[in-house]
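Student: I'd like to learn how to read a few local features in a model like this one. Could you walk me through some of them?

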Amino acid sequence: MTRVFLDATTLISLGSIGELGLLTSFSGDIVVLPAVQSEVDTEPARTNLQSFLESRDVQYEGHEYEEQIPRGMSLLEESERNGDVEIIAAVLALREDDRHAGVVSDDKRIRTTADAFGATVTGTIGVVVRAVEEGLSESAGLDILDRIDSRGLHMTGELREKAESLIHEAAEDA
């Protein structure tokens, strides 16, 4: 089964507005690695993440990816272990076992690196679009987009237009 690794960028964006439940629209095992969890250090995102972890079937162990940590550090040119390194190490370990990984992050470096190693990648906006595809109303999706924009993930005009367009298309196709 696919494992979907959540990055702090998305956890903070959705956690800040109380919408972490949208992450359950993905098929596969949802994983929040230990270093990623520790990077979610702002409120209310931290409290909302803790509630999400306690109430959902979310995995948060990362020990099976340990041997890939040095390679992840090297690829990302990091001198210390962090959430980004753990995510890339997990992608590398799954790829080595011919298993599939998904990564949900707004960090371009993580998305590009994960994609280069065969992971399926998306970001916070992709989570909202996916929720609309799964039955969330268009107006609710646009409302969430507004709340995300005002509380954390500040969007350029171009990104905002693209996000609205994707939500409209998802609602039409649903």
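Student: What should I keep in mind about the model and its numbering?

Tutor: This is a predicted model, where local features need pLDDT of at least 70 and side-chain atom pairs count only at pLDDT 80 or more, while totals for chains, interfaces and linings use all residues. Residues are numbered from 1 along each chain as its sequence is written, and side-chain values use heavy atoms, with hydrogens and water left out.

Student: Where does Leu-142 sit, and which residues does Leu-142 touch?

Tutor: Helices (H or I, at least four residues) and strands (E, at least two) are DSSP runs, numbered from the N terminus. Leu-142 belongs to helix α8, residues 138–151. Leaving aside residues up to four places away in sequence, Leu-142 touches Glu-164, Ile-167 and His-168; contact means heavy atoms within 4.5 Å.

Student: How do I read side chains on a strand?

Tutor: In a regular strand, side chains alternate between the two faces of the sheet. In strand β1 (residues 3–6), Arg-3 and Phe-5 point one way, Val-4 and Leu-6 the other, and all are buried.

Student: Which strand pairs with β1 over 4 bridges?

Tutor: Two strands pair if DSSP finds at least two bridges between them. Strand β4 (residues 101–104) pairs with β1 in the parallel sense over 4 bridges, and Ala-101 in β4 stands opposite Arg-3.

Conventions: Buried means under 20% relative accessible area, exposed over 50%, partly exposed in between (1.4 Å probe, protein chains only).
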